[in-house]
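Thanks, everyone. I'll keep this short. Please have the structure up while I talk.

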Amino acid sequence: MTTALFGATATALLITAAACLAAVRRRLLITVEGVSMQPTLRAGDVLIGRRAGLRALRVDALVIVERPDPSGHWPDPGAGRPRRWMVKRVAALPGDPMPAAVTACSAGSVVPPGTVVVLGDNRAASIDSRTLGPVPADRVLGVALRRHRPGPAARPLTPPPGDADGRAAAGAQISVRQ
């Protein structure tokens, strides 16, 4: 009886530990750098995020996406160079109409499957889908869930007021601590 109880307790502890480890590995701490997120985020803000794929994304969500190299090409993830990340706001998902601000695509087109359109709040200082085109889904690391600024408590991220297109957008270069 004691051996069976011990075995069941040990199994339950192992399952709980595995679940906790999986949850921790999905979490991200993101430190915002740069000004492309203003006014939504400022340099030094810390975001709590989680790894997520394309199916988990929603329009107006803040996402962590890989930053292309200076020539605008997506680097090979196995190339040995550290990956760089940026935060942007989802403007459109696969099948949605292409936002007018994305001039790299033809007018009236839709967002292609397996991609997402991201824009920055501070359009004058943002590298986003206006210049890169739709971002491949495999370049999305996850979503930002909460912001923490020194002083005020962590709070949910909310979209800024809509822009001239009636659609809120945000973005900023980040560093990701994992």
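Let me begin with a question: with which residue does D138 form a salt bridge, and how far apart are the closest N and O atoms? The partner is R139, and the closest N and O atoms are 3.7 Å apart. Bear in mind that this is a predicted model.

Now look at the two ends of that pair. D138 counts as exposed, because its relative accessible area is 58% and the cut-off for exposed is over 50%. R139 counts as buried, because its relative accessible area is 9% and buried means under 20%.

R139 has another partner. Its side chain also meets that of E66 in a salt bridge, at 2.7 Å from N to O. R139 sits in the loop between β6 and β7, while E66 sits in strand β3, so the pair ties together parts that are 73 residues apart in sequence. Both R139 and E66 are buried. Through shared partners, E66, D138 and R139 join into one salt-bridge network.

How many salt bridges are there by this rule? Three. One of them links the side chains of D128 and R130, at 2.9 Å from N to O. D128 is buried, at 0% relative accessible area. R130 is partly exposed, at 23%. As background, side chains of opposite charge can pair when their charged atoms come close.

Next, the overall layout. The protein has two helices and nine strands. Starting at the N terminus, the order is α-β-β-β-β-β-α-β-β-β-β. There are 178 residues, and buried ones make up 38% of them. Of the contacts with a separation of 6 or more, 63% are between residues 24 or more positions apart.

Now strand β5. Is β5 largely enclosed or open? Five of its five residues are buried, so β5 is largely enclosed by the rest of the structure. Take the two faces in turn. T115, V117 and L119 are on one side, V116 and V118 are on the other, and all are buried. In general, side chains in a regular strand alternate between the two faces of the sheet.

Who pairs with β5? β4 does, in the antiparallel sense, over three bridges. There, A92 stands opposite V117 of β5. Strand β6, residues 135–136, also pairs with β5 in the antiparallel sense, over two bridges. In β6, P136 is the bridge partner of T115.

On to the nonpolar cores. Which residues have the most contacts inside the largest core? They are L57, V63, V65 and V116, in a core of 13 residues. β3 (62–66), β4 (85–92), β5 and β7 (140–148) each supply at least two residues of this core. Apart from this core lies another, of twelve residues, including L28, L62, W85 and A144.

Back to L57 for a moment. Leaving aside neighbours within four places in sequence, L57 is in contact with V63, L93, V116, V140 and V143.

One glycine to point out. G72 lies in the loop between β3 and β4. G72 is partly exposed, with a relative accessible area of 32%. G72 and I127 are 55 residues apart in sequence, yet their C-alpha atoms are 9.5 Å apart in space.

Last, confidence. The average pLDDT is 76, and 66% of the residues score at least 70. Where is confidence highest, and where is it lowest? It is highest in β5, residues 115–119, at a mean of 95. It is lowest in β9, residues 171–177, at a mean of 45.

Over residues 18–24, the model has zero contacts beyond four places in sequence. Over residues 161–173, the model has 52 such contacts.

Terms used
Residues numbered from 1 in each chain as written. Predicted model: local features only at pLDDT ≥ 70, side-chain atom pairs only at ≥ 80, totals over all residues. Heavy atoms only, no water. pLDDT = per-residue confidence, 0-100. Helix = DSSP H or I, 4+ residues; strand = E, 2+ residues; numbered from the N terminus. Contact = heavy atoms within 4.5 Å. Core = buried A, V, L, I, M, F, W, Y, C linked by side-chain atoms within 4.5 Å. Buried < 20%, exposed > 50% of the residue type's maximum accessible area, 1.4 Å probe, protein only. Pairing = 2+ DSSP bridges. Salt bridge = Lys/Arg side-chain N within 4 Å of Asp/Glu carboxyl O.
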